[in-house]
Amino acid sequence: MADNLDPGARAAAEQKARKAARDAARKTEASGEPVGKKEIVPPWERGAEGIALVDTHAHIDGEDYADDREETLERAKKAGVVAVVTFGDTMEASARVVKMAASYENVFGGVGVHPENVFPFKKEDDDRLVAWTKEKKIVAVGEIGLDYYWEKDEEKRGLQRKMFIRQLALARELDLPVCIHDREAHGDLMTILKTEGRKNRGVIHCFSGSWEMAKELLKLGWYIGVDGPLTYKNAAKLPEIVAKAPADRLLVETDCPYLSPLPYRGKRNEPAYARITAEHAAEIRGESLEDFSAQTTKNACEIYKLQFN
Ligand code: NI
């Protein structure tokens with residue numbers, strides 16, 4: 001990389017290269033389980049009477065949906081996914097999220113910088129984030145957090161922690177919930193949430209910790225987001241957590257375009273597939289899909305203060 005770039009441009013170029021590598025790795029990672037041969041009825045063809053789910057964590061601002069964004073939201077509705085909360089993972093994505101929330105019915109937004117994309121904020125970056133949170137239907141600060149799976153460099157992990165703490169502070173000042181990403185950083189996450197973050201509230205999205213960790217988070221008042229990996233054969237601890245967690249603290253999410261549930265694993269994910277994860281979760285808990293969706297939607301409306309038709 002050319003050294004004559006200014007720090008901002010260098011950070012942006014680095015970010016872009018890292019995102020490309022990550023997306024490529026995720027595609028390989030995701031293709032582990034083959035799609036079954038039996039006929040698949042897509043969730044939008046299963047009828048949605050009595051079902052009103054919220055996809056509480058999506059990324060539908062980007063190029064993955066450039067050709068069919070409206071159709072994607074239509075399919076979600078037909079599958080019973082009546083609202084979507086879409087999150088920015090960079091400043092650029094956050095700016096797009098603000099526009100989407102203003103222009104699409106039942107789409108809400110969160111603004112923030114994801115740990116893999118962090119850079120040293122200046123005051124003007126704080127100011128931009130704060131200004132965005134005042135916009136229509138922006139309901140949270142996120143996606144923020146820690147990712148030690150993709151980041152091995154100790155110095156950059158330090159920057160992740162610093163920017164996580166800074167965005168937690170912004171959320172407290174704004175009295176907004178946060179949506180947190182945590183991958184292989186459980187120890188540092190818990191430490192931060194018990195110190196700097198003890199007065200924050202929000203969601204640990206795509207939860208990947210143990211039941212012990214979940215219990216601690218629940219005690220601290222956090223919500224737990226459940227995604228497509230619940231349907232994978234290697235879901236490990238997640239089914240246990242979904243079974244044991246109190247009904248009023250679970251949220252359904254997709255994290256689309258990543259992490260498609262079976263049988264769509266390895267393909268582009270979309271909000272309609274929240275229905276599949278919800279079906280699995282309801283079954284694990286021994287509840288009807290109708291009851292589970294009503295409860296998790298109530299939870300989503302509580303934590304993110306959503307109001308929709
Ligand atoms: Ni995400």
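A residue is called buried here if 20 or more other C-beta atoms lie within 10 Å of its own, exposed if 12 or fewer, and partly exposed in between, with C-beta atoms placed from the backbone. Keep in mind that this is a predicted model, where local features need pLDDT of at least 70, side-chain atom pairs count only at pLDDT 80 or more, and totals for chains, interfaces and linings use all residues. Numbering starts from 1 along each chain as its sequence is written.

**Stop one: α7.** Select residues 211-219, helix α7, and colour Met213, Ala214 and Leu217, its buried residues. Look down the axis of α7: these residues fall within an arc of 100° (taken from the directions from the helix axis to the C-beta atoms), so they line one face of the helix. On the other side of α7 you'll find Glu212 and Lys219, both exposed. Helices (H or I, at least four residues) and strands (E, at least two) are DSSP runs, numbered from the N terminus.

Show the strands: 8 of them form an open sheet with parallel pairing, in the order β1-β2-β3-β4-β5-β6-β7-β8. Pairing takes at least two DSSP bridges between two strands. At the edges sit β1 (53-58) and β8 (250-252), each pairing on one side only. From one strand to the next the twist averages 30°. Zoom in on β4 (residues 138-147) and β5 (residues 178-183), a parallel pair with 5 bridges. Asp147 stands opposite Arg183 in β5.

**Stop three: Tyr104.** This residue is in the loop between α3 and β3. Is Tyr104 buried, exposed or partly exposed? It counts as partly exposed, because it has 17 C-beta neighbours inside 10 Å. Draw a distance to Glu70, 34 residues away along the chain: the two C-alpha atoms are 8.9 Å apart.

**Last stop: α9 and α10.** Select 274-285 and 289-304; the axes of these helices, α9 and α10, come within 9 Å and cross at roughly 110°. Axes are lines fitted to C-alpha atoms, for helices over the stretch in contact, with angles running from 0 to 180 degrees between N-to-C directions. The two helices are therefore roughly perpendicular, a label for 65 to 115 degrees. Show Ala278, Glu279, Ala281, Ala282 and Arg285 in α9, which meet Leu289, Phe292 and Ser293 in α10.

How values were computed. Angles under 35 degrees count as roughly parallel, over 145 as roughly antiparallel, 65 to 115 as roughly perpendicular and the rest as oblique. Two residues are in contact if their C-beta atoms, placed from the backbone, lie within 7 Å.
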